[in-house]
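Here is a friendly walk through a structure that may be new to you. Take a look at it first, then read on.

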There are 4 protein chains.
Amino acid sequence: MILFPRAVVYPPVFMTGNRTWAIPEGYIPEDSIATKPELISHETVCVLNTEAEDATVEITIYYPDREPVGPYKKTVPAQRTRHFRFDELEEPEPIPRGQPFASLLESDIPVICQHTRLDSRQAENALLSTIAYPV
Amino acid sequence: MILFPRAVVYPPVFMTGNRTWAIPEGYIPEDSIATKPELISHETVCVLNTEAEDATVEITIYYPDREPVGPYKKTVPAQRTRHFRFDELEEPEPIPRGQPFASLLESDIPVICQHTRLDSRQAENALLSTIAYPV
Amino acid sequence: MILFPRAVVYPPVFMTGNRTWAIPEGYIPEDSIATKPELISHETVCVLNTEAEDATVEITIYYPDREPVGPYKKTVPAQRTRHFRFDELEEPEPIPRGQPFASLLESDIPVICQHTRLDSRQAENALLSTIAYPV
Amino acid sequence: MILFPRAVVYPPVFMTGNRTWAIPEGYIPEDSIATKPELISHETVCVLNTEAEDATVEITIYYPDREPVGPYKKTVPAQRTRHFRFDELEEPEPIPRGQPFASLLESDIPVICQHTRLDSRQAENALLSTIAYPV
């Protein structure tokens, strides 16, 4: 793999982050009071790619009582961020709501991952977030 | 200990994580407005095991003013996730509500741990979460 | 320093954690709707000491526009956890409410620290938490 | 670079932290019910500088579908903390509300960073926080 860093332009290119990230907590609430799409209960993995080339990302979903499912394939372009909602993962299959899961994200180049949930099962939102675990 | 990795099947087997994890914050609220089990105030440790064999997990609970209690023994099967609620730990004794505690989790193989609390003492939920500290 | 580990009793003694921890975020809300002490807005550092001897802890508070204040001295006994509320720190001086601050915690033996805030300025609680940064 | 540590005064000077920090999650809610400035929805990066000299900080903002923007230049004086609101970054351009972004913070000396969001789109606040990722 040959890198052509765009170091003469701003921002400088960093080899930043890690190739594998784990998020043991996962849960997409079954219902939601909100109707605006951005306020409907959801769970997100935010990926930052500061490199000069695109990152190909594969997400595997782990369950309590059945085999892992994946890979869910995504792209995070060079020097971009993408925030993936777990309730919008479709292939190979959607993640069921109201059930615990965990996820492992693998990238072909270093990225940084953060996990966030918005819970709008009730009138007021609740939020959680943490940097994922760099394996 | 002999590993028989299932590397020919998806997902690949990773030596992923850490054997010891600490969670200094712990508190199970005494009351709860909610009646649905998944909305009653609770505190959780989410464990992800990406390995090819089962993980045997031992949790020790630390208190402000008395001896630690444990081990609470749990299993996280190979390539599975388990989300353990602290208010459902029974043996050797339940954790009292409304009192601070901390926990240390030890596993015989590497796992990844995340800590989450749902607080429903009032009409609306509050959430917190963080990756536990890999000791 | 001579250690007399209590390794023959449960739980085993670990050299667990780090001696210095940083929490850049700090803010004690000025008001609170709640009247129960445990529901009044507060900010906490939770310290877990898994060692066989007591930890002597010194907290320094950093401000945006004046000199740091401290040390606030605390003890976390052997194999105990203590959850310190920033609004209850008294000596050398209380932390003013409604102003940003940061904190650095130093211990003479390894401990683990987690940061939590309960915000009850409005009818419903909000929570945040993160493992502190091991410096 | 020559350091003149103020080690004879309290608090002692630490080489504490990291020069590069990443926050993959970023989102400034579009609206807010609150009217008090400190309760209006906002996203913050809290920086702690425990060193004996000022830190010059450069923040770069990454977007899903366009080039990164920056640097946003800030100073964190010696032995001070500064909590920067992303909705108050002005030069080279404000961050649009209601859109996902990510941020990378680089400092010329080691600092520690924590990420916090207050979401007041609804009657009650929601909070999230995590130590940023030390790259």
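This is a predicted model: local features need pLDDT of at least 70, side-chain atom pairs count only at pLDDT 80 or more; totals for chains, interfaces and linings use all residues.

## Surface and burial

Accessible areas come from the Shrake-Rupley method with a 1.4 Å probe, and for residues only the protein chains shown count as cover. By that method, chain A has an accessible surface of about 5100 Å², and carbon and sulfur atoms own 54% of that surface. Of the chain's 135 residues, 60% count as buried (under 20% relative accessible area; exposed is over 50%, partly exposed in between, with a 1.4 Å probe and protein chains only).

Residues are numbered from 1 along each chain as its sequence is written, chains are lettered from A and ligands numbered from 1 in the order in which they are written, and side-chain values use heavy atoms, with hydrogens and water left out.

Chain A averages a pLDDT of 82, and 75% of the residues score at least 70 (pLDDT is the predictor's confidence in each residue, from 0 to 100). Over residues 1-8 of chain A, though, the pLDDT is below 50, and this stretch has 13 contacts beyond near neighbours in sequence (a contact means heavy atoms within 4.5 Å). For the complex, the predictor gives an ipTM of 0.83 and a pTM of 0.85.

## How chain A is built

Chain A has 8 strands and 0 helices (DSSP runs numbered from the N terminus: E, at least two residues, for strands; H or I, at least four, for helices). Among contacts in chain A with a separation of 6 or more, 72% link residues 24 or more positions apart.

## A closer look at Ser129(B)

Ser129(B) sits in strand S7 (residues 126-131) of chain B. Is Ser129(B) buried or exposed? Ser129(B) is buried, because its relative accessible area is 2%.

What does Ser129(B) touch, leaving aside residues up to four places away in sequence? From chain A there are Leu128(A), Ser129(A) and Thr130(A); from chain B, Gln114(B), His115(B) and Thr116(B); and from chain C, Ser129(C). Arg117(B) is 12 residues from Ser129(B) in sequence, and the two are 6.6 Å apart, C-alpha to C-alpha.
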